[in-house]
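This briefing goes with the sequence and structure shown below, and it is arranged by topic for a reader who will want to check each point against the coordinates.

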Protein chains: 2
Amino acid sequence: MAKDISIQVIRRLPRYYRFLRELENSGVEKISSNKLASIMSSTASQVRQDLNCFGGFGQQGYGYPVAQLRSEIGTILGLNVMHNAILLGAGNLGRAVATHLNFDTMGFRLTAIFEKDKRLIGTMLTAITVKSDDEIEEYVQNHPVDTAFLTLPRASVEAVVDKLYQLGIRNFWNFSHYDIARKYPDTIVENVHLSDSLMTLCYRINEKDINNK
Amino acid sequence: MAKDISIQVIRRLPRYYRFLRELENSGVEKISSNKLASIMSSTASQVRQDLNCFGGFGQQGYGYPVAQLRSEIGTILGLNVMHNAILLGAGNLGRAVATHLNFDTMGFRLTAIFEKDKRLIGTMLTAITVKSDDEIEEYVQNHPVDTAFLTLPRASVEAVVDKLYQLGIRNFWNFSHYDIARKYPDTIVENVHLSDSLMTLCYRINEKDINNK
């Protein structure tokens, strides 16, 4: 695998993957860099440059084979290597995350869900029975888990992360504003900051309104 | 307001805003660019450069006044200009979005929630009664709404967006994979692609595992 690929290119790969999967599902077999660029709201030269980072797929002038390209990008992303993950927090956000995503197509197997609220413990979420967060330690010690999805309220996150870190978990998908990597620099953290996205929307609306005046 | 600020800088502003608000809430009055850079996982020169885009806050060597900087970034983002928004989809994701975010601190007033599932119509979500999506047209025609938050299943999104566009709505916060801007280039769309974030996490975990071998 090519090394030293910039994080900017990496962050575009999931989009390529998504669009290619849609094309594949619609029965499209080949796609030109021009067409792919248009779907990606990018340029053909950007697309060619991105895909060349990984050794160049397809043949110039013949278009890219959709299924093969999708599969190779999936391999680069490592989607076929399964990581066992637990979900912390079975409130609205946890329920949304657990039900909306096909984890196994994205490299993760969701194996357990933990929650503090007694009313939710014992309920089913997808095909998993929600456990009490008192059981986290025992569970992680006895099962191979390397990743935690955090859909907890901000106030509960820090203590839970401390515990998970002590138990050896280093990979976090974090929906809270708590900055895990600052306290634990050897972790891998992807943050989802919904409020940042919303504030950016606000800015772009206002900027358009100002320019239209 | 300064013009031609790159979208990269804009996308960093919500993070500045969030961190500054936390500092302000903790009673911090001044902060140096070094300290702010460390919180932002950035460099002091990047921080100074970003803030200079907007005409330069604070005085060199004295640090930035936290409350003033937070407030000025809020003004740049337009968080004090209220936009009326409706939420489409009161399922798990819609419930999470409606309950987890303080919209009014981020420039939006959530005024109505619509849902197709009859079991959810009439239930309360935050302080809003969920309406039937049959009522969208009448509601938007009779209320000032300029933004839609879309937490609908992928299969329902396209038809709803067509309807909202015809009703004059041009701003979308979109949680589905449906590409609104491709069909309607004059819209402003912020997409939240949870799966892209998860696939990026997968890549980073595998890359670390490979490098550790």
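**Briefing on a predicted model**

At 0% relative accessibility, C202(A) counts as buried, because buried means under 20% relative accessible area, while exposed means over 50% and partly exposed lies in between (1.4 Å probe, protein chains only). This is a predicted model, in which local features need pLDDT of at least 70 and side-chain atom pairs count only at pLDDT 80 or more, whereas totals for chains, interfaces and linings use all residues; side-chain values use heavy atoms, with hydrogens and water left out. Residues are numbered from 1 along each chain as its sequence is written, and chains are lettered from A and ligands numbered from 1 in the order in which they are written.

**Cysteines**
- C202(B) is likewise buried, with a relative accessible area of 0%.
- Over all chains the count of disulfides, each a pair of cysteine sulfur atoms within 2.5 Å, comes to 0.

**Chain A as a whole**
- Chain A holds 9 helices and 10 strands, where helices (H or I, at least four residues) and strands (E, at least two) are DSSP runs numbered from the N terminus.
- Taken along the principal axes, the C-alpha atoms of chain A fill a box of roughly 60 × 50 × 35 Å, and 51% of its 213 residues count as buried.
- Of the contacts in chain A (heavy atoms within 4.5 Å) with a separation of 6 or more, 58% come from residues 24 or more positions apart.

**Interface between chains A and B**
- The size of an interface is often given as the accessible area lost when the parts come together.
- Between them, chain A and chain B bury about 5,900 Å², with 65% of it on carbon and sulfur atoms, buried area being the accessible area (1.4 Å probe) that two parts lose on being put together, summed over both.
- L198(A), M199(A) and Y203(A) supply 13% of the area that chain A buries against chain B, which is more than any other three residues supply.
- In terms of contacts, 66 residues of chain A meet 66 residues of chain B.

**Positive phi angles in chain A**
- Most residues other than glycine have a negative phi.
- S41(A), which is not a glycine, has a positive phi near 50°; S41(A) sits in the loop between α2 (33–39) and α3 (44–52) and, at 61% relative accessibility, counts as exposed.
- T126(A), also not a glycine, has a positive phi of about 50°; T126(A) lies in the loop between β5 (124–125) and β6 (128–129) and is partly exposed, with a relative accessible area of 43%.
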